[in-house]
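I opened this notebook to keep track of what I looked up, going from one part to the next. The entries follow the order in which I worked.

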Amino acid sequence: MRTRPIAASLLGLLAASCHDSPSGPADPCVLRDCDVREADCHEHVAAVLACIRGAEHPLPAIEVLTASEYAEKHPPAPPRTPEEQKQFEQLVRAYVLLGWLAPDWTEPTTPAAIEAPYFSYDFETGTVTIIADGSQPQSELYSLLYVLGLAARDSESDIHGLSLAEAVTFDSKRALASLYAGEATLYADLAWIGDSDYEATASRLSYLNVMNAVREQLADVAVPWGAALSGFTFYFGANYVLGRYLDGGPEAVTAAYDDALASTAHALGGDVDIDAAFSAIDTALPEPPPGFTYLVQDSYGPVLLQMHRVRRDGVASTAFAEQNLAREWVGDRLVIAASDTDERVAVVWQIAGPGGEIAETIVLADDDDTLAAFESLFPAP
């Protein structure tokens, strides 16, 4: 599993103006400026993170590459087969129906070339990749904090193993990502502020303003769903982890990897109590109408349901609405069906009630006949 790469992104903006190299004798627990391409910088940043976490770990494997070296090691993926392209276009149509993509969305013709600064951590290989040229030293240093924070968590929790054994649905995978991205963001921010009294620093830290910016993305159909979900993962995740840290320090953050993996409801709700026990909808699906095939059957979770409701139904994009949804969340099943012969698609989204029963069914299609066929198969409860 490779993390979402970070470069000139939102990641450093929250605390970008806070960092200042300390004067006087160097405190090993306070971040100082250094060149992220150098081994002593890697060791220093890891030591600062160890102070915050209260635990020291060996450095992961770190490769420092130029953009051209990276491109040579990672050639573009082969083009999709005709069948893969057809399924991709059908999924896009389904996402448009859900409001996750704008009707005029088009896929970029060529992927963006990797340029400095670029940092990533690969949970499968345990390797940090750094592409940096020193032109943006503050962004580079913050990014190094972030990826080494991911590596430290991986050394304790085996994120790849968790993703295979525990995070088995789309929703739970995003819950796991919100934990590790949120934790790495929080610890990077604590280090960046430059005060070794991390508990006091955390008590002054707030993500509310940047979360409001993310809410605007969740509500804006012009923002593709992946980009909006990425903002949620970083900053709603960081807000949730901050609450755990304030409650019980790094140990409480670590405990979240045991009790907050089931759903993004935890990150969506922040500090609200989740009333219901999570329960997947696992009743047998009816046979699809003739000529249709199920492409997707998965739990997508409350964040994407909130995005759908805001973009399609006009529900308010507010903390109150999010917390209500999170508090009552039990589970869901999103089914996407596609025609075997043409472009038609249908979406069926079943939302679980307090006892795990189907309490709400959303049916969407891009033509009336398909809509009627799936509404008959999946009647409203």
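I began with the open sheet of four strands, whose order is β4-β5-β6-β7 with antiparallel pairing; strands here are DSSP runs of E with at least two residues, helices are runs of H or I with at least four, and both are numbered from the N terminus. Two strands count as paired if DSSP finds at least two bridges between them. The edge strands are β4 (292–298) and β7 (358–365), each of which pairs on one side only. I also noted that neighbouring strands of this sheet are turned by 15° against each other on average, direction ignored.

This is a predicted model, in which local features need pLDDT of at least 70 and side-chain atom pairs count only at pLDDT 80 or more, while totals for chains, interfaces and linings use all residues. Residues are numbered from 1 along each chain as its sequence is written, and side-chain values use heavy atoms, with hydrogens and water left out.

Next I followed strand β6 (residues 345–352), which runs antiparallel to β7 and is joined to β7 by seven bridges. I looked up Ile-351 and found that its bridge partner in β7 is Glu-360.

I then turned to a pair of helices, α8 (residues 208–219) and α11 (residues 301–313), whose axes come within 8 Å and cross at roughly 65°. Axes are lines fitted to C-alpha atoms, for helices over the stretch in contact, and angles run from 0 to 180 degrees between N-to-C directions. Gln-217, Leu-218 and Ala-219 of α8 make the contact with Met-307, Val-310 and Arg-311 of α11, where contact means heavy atoms within 4.5 Å.

My last entry concerns Glu-63, which I found in strand β1 (residues 61–65). Is Glu-63 buried or exposed? Glu-63 has a relative accessible area of 18% and is therefore buried, since buried means under 20%, exposed over 50% and partly exposed in between (1.4 Å probe, protein chains only). Which residues is Glu-63 in contact with, leaving aside its neighbours within four places in sequence? I listed Lys-73, Thr-127, Val-128, Thr-129 and Ile-130.
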